[in-house]
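Here is a short walk through one chain, meant to be read with the model open beside it. Have a look around first, then read on.

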Amino acid sequence: MSTHSHQTRSAWQTGFRGKCPRCGEGALYSAFLKVTDKCNVCGLDLSQEDAGDGAVPFIIIIAGTLGVGIGVWVMFTFNTGVWAPIAVAFPVVAAVVLFLLPKVKGLLIALQYLNKAGDTGGNTFDNDT
Ligand SMILES: [Zn+2]
């Protein structure tokens, strides 16, 4: 269907940057975390993608480690109670989650595309790579 030539790009070059996993040019999202139905450049059907909650465990590990680290550092450095570390760590954790969630979800979608993965054992995408 597409008239574009498609060279294989890494998932970091496409999905992590919020770009279509096939062409690397079209936008992957139509809104925050809302995957577009179809790439507006190459026409890849993204309506069947199903990264689900796959990105969440990675984000929890990264943001949780960072939040606990910051909280412990604040608590012991400034000898504070419990609320000061929470007040300092919470905005950092929230920002990290909001920043990384679309990137990691895009990375997982691109990896599904590149590895021709599907929940039912078949291709999720109409894959021509
Ligand atoms: Zn595309």
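Which residues does the UniProt annotation "transmembrane region" cover? According to that unreviewed entry, the annotation covers residues 55-76 and 82-101. UniProt positions follow the numbering used here, feature names are shortened, and such annotations may be inferred rather than shown by experiment.

Two notes on the ground rules. Residues are numbered from 1 along each chain as its sequence is written. The model is predicted, so local features need pLDDT of at least 70 and side-chain atom pairs count only at pLDDT 80 or more, while totals for chains, interfaces and linings use all residues.

**Overall layout**

The protein chain has two helices and two strands, and along the sequence they come in the order β-β-α-α. Helices (H or I, at least four residues) and strands (E, at least two) are DSSP runs, numbered from the N terminus. Of the 129 residues, 28% count as buried; that label takes 20 or more other C-beta atoms within 10 Å of the residue's own, whereas 12 or fewer makes a residue exposed and anything in between partly exposed, with C-beta atoms placed from the backbone. Among contacts between residues at least 6 apart in sequence, 50% join residues at least 24 apart. A contact here is a pair of C-beta atoms, placed from the backbone, that lie within 7 Å.

The two annotated stretches look like this in the model:

| Annotated stretch | Helix | Strand | End C-alpha separation |
|---|---|---|---|
| residues 55-76 | 100% helix | 0% strand | 32 Å |
| residues 82-101 | 95% helix | 0% strand | 27 Å |

**The helix pair**

Helix 1 (residues 55-77) has 23 residues, and at 1.5 Å a residue it should span 33 Å, which agrees with the 33 Å between its end C-alpha atoms. That expected span is 1.5 Å times one less than the number of residues. Which residues of helix 1 are buried? They are Ala55, Ile59, Ala63, Gly67 and Gly71, and the buried residues of helix 1 pack against helix 2 (83-114).

The axes of helix 1 and helix 2 come within 8 Å and cross at roughly 160 degrees. Axes are lines fitted to C-alpha atoms, for helices over the stretch in contact, and angles run from 0 to 180 degrees between N-to-C directions. The crossing is right-handed, so the near helix is turned clockwise from the far one by less than a right angle.

Val72 sits in helix 1 and is exposed, with 12 other C-beta atoms within 10 Å; its C-alpha atom is 9.4 Å from that of Ala89, 17 residues apart along the chain. Trp73 is also in helix 1 and is partly exposed, with 13 other C-beta atoms within 10 Å. The C-alpha atoms of Trp73 and Pro85, 12 residues apart along the chain, are separated by 8.0 Å.

**Two loop residues with positive phi**

Asn79 lies in the loop between helix 1 and helix 2. Though not a glycine, Asn79 has a positive phi of about 50 degrees, and with 8 other C-beta atoms within 10 Å it is exposed. Leu33 is found in the loop between strand 1 (29-31) and strand 2 (34-35). Leu33 is not a glycine either, yet has a positive phi of about 70 degrees; with 13 C-beta neighbours inside 10 Å, Leu33 counts as partly exposed.

Technical notes. Contact = placed C-beta atoms within 7 Å.
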